Amino acid sequence: LTGEIVSRSSDKTVRIWDPETGECIRVLLGHSGSVTGVTVHPLTGEIVSRSSDKTVRIWDPETGECIRVLLGHSGSVTGVTVHPLTGE
(Lines give C-alpha, C1' and ligand atoms only; values in the text may rest on other atoms or scores of the structure.)
Protein backbone atom coordinates (compact mmCIF):
# COMPACT_ATOMS: atom_id res chain seq x y z
CA LEU A 1 0.00 0.00 0.00
CA THR A 2 1.27 3.43 -0.87
CA GLY A 3 -1.01 6.07 0.57
CA GLU A 4 -4.30 4.23 0.18
CA ILE A 5 -6.87 4.23 2.99
CA VAL A 6 -8.11 0.92 4.45
CA SER A 7 -11.52 0.74 6.12
CA ARG A 8 -13.56 -1.99 7.82
CA SER A 9 -17.29 -2.35 8.30
CA SER A 10 -20.17 -4.18 9.89
CA ASP A 11 -21.11 -5.17 6.31
CA LYS A 12 -18.38 -7.87 6.61
CA THR A 13 -15.99 -6.14 4.18
CA VAL A 14 -12.60 -4.47 4.17
CA ARG A 15 -12.21 -1.77 1.54
CA ILE A 16 -9.17 -0.06 0.03
CA TRP A 17 -9.70 3.54 -1.06
CA ASP A 18 -7.83 6.05 -3.21
CA PRO A 19 -7.68 9.21 -1.06
CA GLU A 20 -7.13 11.43 -4.11
CA THR A 21 -10.28 10.37 -5.98
CA GLY A 22 -12.41 8.93 -3.17
CA GLU A 23 -12.89 5.79 -5.26
CA CYS A 24 -13.02 2.31 -3.78
CA ILE A 25 -10.10 0.44 -5.36
CA ARG A 26 -10.82 -3.02 -3.95
CA VAL A 27 -13.31 -4.83 -1.71
CA LEU A 28 -11.95 -7.71 0.38
CA LEU A 29 -14.62 -10.35 0.88
CA GLY A 30 -14.47 -13.43 3.10
CA HIS A 31 -15.51 -12.60 6.65
CA SER A 32 -18.91 -13.94 7.73
CA GLY A 33 -19.28 -11.40 10.54
CA SER A 34 -18.60 -7.72 11.18
CA VAL A 35 -14.98 -6.74 10.67
CA THR A 36 -13.85 -5.39 14.05
CA GLY A 37 -10.51 -3.96 12.93
CA VAL A 38 -7.74 -3.81 10.35
CA THR A 39 -3.98 -3.40 10.54
CA VAL A 40 -1.45 -2.98 7.74
CA HIS A 41 1.81 -4.91 8.14
CA PRO A 42 4.56 -2.26 8.20
CA LEU A 43 7.06 -4.28 6.15
CA THR A 44 4.96 -6.32 3.71
CA GLY A 45 1.91 -4.07 3.30
CA GLU A 46 -0.35 -7.08 3.86
CA ILE A 47 -3.69 -6.25 5.43
CA VAL A 48 -4.63 -8.10 8.62
CA SER A 49 -8.32 -8.05 9.52
CA ARG A 50 -10.16 -9.33 12.58
CA SER A 51 -13.82 -10.16 12.86
CA SER A 52 -16.78 -11.15 14.97
CA ASP A 53 -16.71 -14.41 12.95
CA LYS A 54 -13.85 -15.53 15.28
CA THR A 55 -11.17 -15.30 12.56
CA VAL A 56 -8.15 -13.24 11.61
CA ARG A 57 -7.47 -12.96 7.89
CA ILE A 58 -4.34 -11.91 6.04
CA TRP A 59 -4.88 -10.24 2.66
CA ASP A 60 -2.77 -9.36 -0.36
CA PRO A 61 -3.63 -5.68 -0.98
CA GLU A 62 -2.68 -5.87 -4.67
CA THR A 63 -5.01 -8.75 -5.58
CA GLY A 64 -7.55 -8.62 -2.74
CA GLU A 65 -6.93 -12.33 -2.22
CA CYS A 66 -7.13 -13.83 1.26
CA ILE A 67 -3.69 -15.35 1.86
CA ARG A 68 -4.48 -17.07 5.15
CA VAL A 69 -7.28 -17.54 7.69
CA LEU A 70 -6.23 -17.85 11.33
CA LEU A 71 -8.68 -19.99 13.31
CA GLY A 72 -8.89 -20.84 16.99
CA HIS A 73 -10.76 -18.11 18.84
CA SER A 74 -14.03 -19.03 20.52
CA GLY A 75 -15.40 -15.49 20.34
CA SER A 76 -15.19 -12.26 18.41
CA VAL A 77 -11.61 -11.17 17.70
CA THR A 78 -11.25 -7.65 19.10
CA GLY A 79 -7.53 -6.97 18.77
CA VAL A 80 -4.51 -7.80 16.62
CA THR A 81 -0.95 -6.51 16.80
CA VAL A 82 1.54 -7.05 14.00
CA HIS A 83 5.17 -7.38 15.04
CA PRO A 84 7.51 -7.36 12.04
CA LEU A 85 10.42 -9.76 12.02
CA THR A 86 13.50 -7.73 11.26
CA GLY A 87 16.02 -10.56 11.09
CA GLU A 88 18.00 -9.10 13.98
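This is a predicted model: local features need pLDDT of at least 70, side-chain atom pairs count only at pLDDT 80 or more; totals for chains, interfaces and linings use all residues.
The Thr55 side chain takes part in two listed polar contacts. One joins the side chains of Thr55 and Asp53, at 2.6 Å. Another links the side chain of Thr55 to the side chain of His31, at 3.3 Å. What else does Thr55 contact, leaving aside neighbours within four places in sequence? With those set aside, the contacts are His31, Ser49, Arg50, Val69, Leu70, Leu71 and Val77.

## The four-strand sheet

Four strands form an open sheet in the order S4-S5-S6-S7. The pairing is antiparallel. Strand S4 (35-40) and strand S7 (66-70) stand at the edges. Each has a single partner strand, so one side of each lacks a neighbour in the sheet. On average, neighbouring strands here are turned by 20 degrees against each other, direction ignored.

S6 and S7 are joined by four bridges in the antiparallel sense. Arg57 has its bridge partner in S7, and that partner is Val69.

## The three-strand sheet

A second open sheet is built from three strands in the order S1-S2-S3, again with antiparallel pairing. Which strands stand at its edges? They are strand S1 (5-8) and strand S3 (24-29). Each has a single partner strand, so one side of each is left without a neighbour in the sheet. From one strand to the next, the twist averages 20 degrees.

Strand S2 (residues 13-17) and S3 run antiparallel and are joined by five bridges. In S3, Val27 is the bridge partner of Arg15.

## Arg15 in strand S2

Arg15 lies in strand S2. Is Arg15 buried, partly exposed or exposed? Arg15 counts as partly exposed, at 26% relative accessibility. Its side chain makes a polar contact with the side chain of Thr13, at 3.4 Å.

Beyond residues up to four places away in sequence, Arg15 touches Ile5, Val6, Ser7, Cys24, Arg26 and Val27. Arg15 and Ile25 are ten residues apart in sequence. Their C-alpha atoms are 7.5 Å apart in space.

## The nonpolar core

Six residues make up the largest nonpolar core: Val14, Ile16, Leu28, Val35, Ile47 and Trp59. In soluble globular proteins, nonpolar side chains tend to be buried together.

Leu28 is one of the six core residues. Apart from neighbours within four places in sequence, Leu28 is in contact with Lys12, Thr13, Val14, Ile47, Trp59 and Gly64. Val14, Ile47 and Trp59 belong to the core as well.

## Cysteines

How many disulfides does a search of the whole structure find? It finds zero. A disulfide needs the two sulfur atoms within 2.5 Å. Cys66 is likewise in no disulfide, and its nearest cysteine sulfur is that of Cys24.

Cys24 counts as partly exposed, at 29% relative accessibility. Cys66 also counts as partly exposed, at 25%. Cys24 is one of the residues touched by Arg15.

Key: Residues are numbered from 1 along each chain as its sequence is written. Side-chain values use heavy atoms; hydrogens and water are left out. Buried means under 20% relative accessible area, exposed over 50%, partly exposed in between (1.4 Å probe, protein chains only). A nonpolar core is a set of buried Ala, Val, Leu, Ile, Met, Phe, Trp, Tyr and Cys residues joined through side-chain atoms within 4.5 Å. Contact means heavy atoms within 4.5 Å. A polar contact is a pair of N or O atoms within 3.5 Å; within protein, one must be able to donate a hydrogen and the other to accept it, and residues adjacent in sequence count only if both atoms are side-chain atoms. Two strands pair if DSSP finds at least two bridges between them. Helices (H or I, at least four residues) and strands (E, at least two) are DSSP runs, numbered from the N terminus. Axes are lines fitted to C-alpha atoms, for helices over the stretch in contact, and angles run from 0 to 180 degrees between N-to-C directions.
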